[in-house]
Amino acid sequence: MAAPTVSRRRFGGGDLNGVLGLVVDNLSLLAFMATALIGIFGMPADLVFRRMFPGTALGVLLGNFAYTWMAHRLAARTGRQDVTAMPLGIDAPTSIGMALLVLGPAFAGYRQAGMDAMAAGEATWRLGMASLVVMGVLKFVLSFFGAWVQRTVPRAGLLGSIAGIALVLMGFLPLVEIMRVPVVGFAGLGIVLYGLIAKRRLPFGIPGVLAAFLVGVLLYYGLGPVGLLGTGYHAPAAWQWRLGFPWPSLGFVEGLPATLPYLPLILPFGLLMVVGGINVTESARAAGDDYPTRDILLVEALATLVAGICGGVAQTTPYIGQPAYKAMGARTGYTLVTGLVIGLGGVFGYLSNLVELLPVAVLAPILVFVSIGITTQAFEATPLRYAGAVVFSFFPAIARMVAIKLGDPSIVDPVRFAALYADGTHGVSAMAVIVILGNGFIITSMIWASFVVAMIDGHVRKAAGIVALGGVLTACGLIHSVQPIGSVYLPWSLDAASQSLVWQFVAAYAALAAVLFLLSLDRQSMRSA
């Protein structure tokens with residue numbers, strides 16, 4: 001029997017709330033990426049706004065169009081009027097990770113190699129395109145094996161590794177930016193915490209994100225021009241129509257060789273989005289909207305792939321907040337409008353103007369809130385007995401954050417950095433430990449959390465196997481790379497000093513694996529007795 005015909009509204013008040021939330025989320029991430037790449041690393045602004053933004057925005061446009069169509073199809077099949085589309089946007093943890101751990105350092109490396117700013121920016125752009133294509137292909141393949149991935153890697157390992165990114169890169173570093181203009185940033189952060197963490201109602205029912213956004217803008221442009229913000233205020237640049245059409249390009253092919261040193265970051269970024277997509281689909285199903293998991297993952301993968309081919313540098317993902325958008329009354333109009341606003345903004349350039357108008361101190365509180373949510377979820381979504389494993393998985397991410405700061409030439413002189421790194425008078429130097437522990441930190445976090453989970457569950461021999469795998473990955477630099485930039489290698493191709501560092505860390509994993517294996521034998525003898 002045919003499904004009943006229903007009259008579905010295209011756009012309502014709930015959709016307007018959804019648009020505000022989804023657009024601000026995407027805009028805040030674009031602003032952070034632009035600030036990091038242009039303000040911190042010195043990349044040419046025109047290249048970021050005309051080359052990187054349009055392709056990235058195209059992925060948001062196509063993904064939201066596809067999810068809108070899927071929602072209409074589900075509503076027609078079920079005869080329901082309350083179907084809410086899956087929200088899609090730029091992924092927060094991996095986009096921040098791409099800016100701070102891949103694109104920015106790559107640009108700095110090209111500059112140190114003697115390239116001028118524009119040539120280094122072009123090479124970095126091609127690396128970003130290639131990274132997105134690699135992630136897109138990985139997600140496309142894994143979309144057919146999503147359930148297997150979810151079963152293989154413990155939830156504590158998956159959520160712990162992404163929570164580590166959220167806590168130190170997405171939470172702490174934006175918090176530093178908030179405190180650089182504290183009058184503006186701290187007020188906005190307080191409103192976000194009041195409305196979204198404490199869940200208190202704001203006047204007139206205004207959403208917390210929008211309220212923080214408006215208060216921050218009013219403080220910045222109200223106090224800044226009269227000198228009450230000191231050097232934290234910068235007058236906005238004149239409006240420019242920076243047209244940038246996301247045409248398909250083979251530039252990613254040239255960038256593929258440059259992705260090799262960054263594979264320990266790029267591959268886990270793609271893997272995490274597959275598992276995240278599975279969790280998001282389950283969340284929507286629990287809220288009443290039963291979308292096929294494989295279709296959700298395929299849309300995400302194809303949107304990322306197309307974005308990379310067309311010049312994008314940040315991957316898309318379905319957002320975890322579908323039930324929240326549903327509760328606020330959003331249906332299918334909000335994803336359609338968001339896709340148009342972001343997608344066309346990348347083409348016609350008004351996104352870049354909005355990014356320049358909105359200082360990081362205004363937008364960073366939103367990122368801090370998201371980091372709190374992701375970190376909290378890592379504990380809420382895993383059994384309490386695994387809490388220790390989740391916490392243990394944070395340490396490599398903390399090391400990576402410290403290494404980023406110590407590797408900044410404005411903080412530690414490169415000559416001094418190299419001397420501290422090579423100082424082996426009392427074992428491996430502290431500088432080398434921090435850098436090596438932070439390299440490949442996402443995979444390291446997964447391995448560390450996974451073997452602790454196995455021990456907690458009593459699978460000691462399995463824990464030994466996971467640790468042994470860590471040793472194999474250490475030998476080739478996929479984790480604990482001894483190269484400061486984190487590149488992979490064959491250990492025998494390194495110089496003697498570097499080989500010595502590699503084998504020390506490999507031996508550490510081997511020793512722990514052996515100890516755990518012996519302990520598993522002892523447990524077996526006790527069980528037999």
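In the predicted model described here, E177 counts as buried, at 19% relative accessibility, where buried means under 20% relative accessible area, exposed over 50% and partly exposed in between (1.4 Å probe, protein chains only). The side chain of E177 meets that of R180 in a salt bridge, at 3.6 Å from N to O; a salt bridge is a side-chain nitrogen of Lys or Arg within 4 Å of a carboxyl oxygen of Asp or Glu. Helices (H or I, at least four residues) and strands (E, at least two) are DSSP runs, numbered from the N terminus.

The model is predicted, so local features need pLDDT of at least 70 and side-chain atom pairs count only at pLDDT 80 or more, while totals for chains, interfaces and linings use all residues. Residues are numbered from 1 along each chain as its sequence is written, and side-chain values use heavy atoms, with hydrogens and water left out.

The protein chain has 22 helices and 2 strands. Its C-alpha atoms fill a box of roughly 65 × 60 × 45 Å, taken along the principal axes. For 529 residues, a compact globule would have a radius of gyration near 24 Å, and the 24 Å of the protein chain agrees with this. The radius of gyration is taken over C-alpha atoms, and the globule rule is 2.2 Å times the number of residues to the power 0.38. Of the 529 residues, 54% count as buried.

Side chains of opposite charge can pair when their charged atoms come close. The count comes to 12 salt bridges. In one of them, D295 pairs with R73, the closest N and O atoms being 3.4 Å apart. D295 lies in helix α11 (residues 293–309) and R73 in helix α2, so this pair ties together parts that are 222 residues apart in sequence. D295 is partly exposed at 24% relative accessibility, and R73 is partly exposed at 33%. E356 forms a salt bridge with R242, with 3.1 Å between the closest N and O atoms. Because E356 is in helix α14 (residues 350–357) and R242 in the loop between α8 and α9, the pair ties together parts 114 residues apart in sequence. E356 counts as partly exposed at 29% relative accessibility, whereas R242 is buried at 4%.

Rings of Phe, Tyr and Trp (its six-membered ring) pair if their centres lie within 6.5 Å; planes under 30 degrees apart count as stacked, over 60 as edge-to-face and the rest as tilted. The count comes to 11 aromatic pairs. The rings of F140 and F144 have centres 5.6 Å apart and planes at 80°, so they form an edge-to-face pair. F140 is partly exposed, with a relative accessible area of 36%, and F144 is partly exposed at 43%. The pair of Y221 and Y233 is likewise edge-to-face, because the ring centres are 6.2 Å apart and the planes stand at 90°. This pair links distant parts of the chain, with Y221 in helix α8 (residues 208–223) and Y233 in the loop between α8 and α9 (251–255), 12 residues apart. Y221 is partly exposed at 26% relative accessible area, and Y233 is buried at 19%. Ring pairs also link F392, F395, W448 and F451 into a cluster.

At the surface, F65, W239, W241, L243, F245, W247, L336, L340, L344 and F348 form a nonpolar patch with about 1000 Å² of accessible area together. Patches are made of residues with over 30% relative accessible area and no salt bridge, like charges being joined within 9 Å and nonpolar side chains (Val, Leu, Ile, Met, Phe, Trp, Tyr) within 5 Å. Accessible areas come from the Shrake-Rupley method with a 1.4 Å probe, and for residues only the protein chains shown count as cover. Helix α13 (residues 333–348) gives the most to the patch, with 4 residues. F65 is found in helix α2 (residues 45–78) and is partly exposed at 33% relative accessibility.

Two loop residues other than glycine have positive phi values. K199, with phi near 60°, is found in the loop between α7 (182–197) and α8 and is exposed at 66% relative accessible area. H480 has a phi of about 55°, lies in the loop between α21 (460–475) and α22 (496–528), and is buried at 3%.
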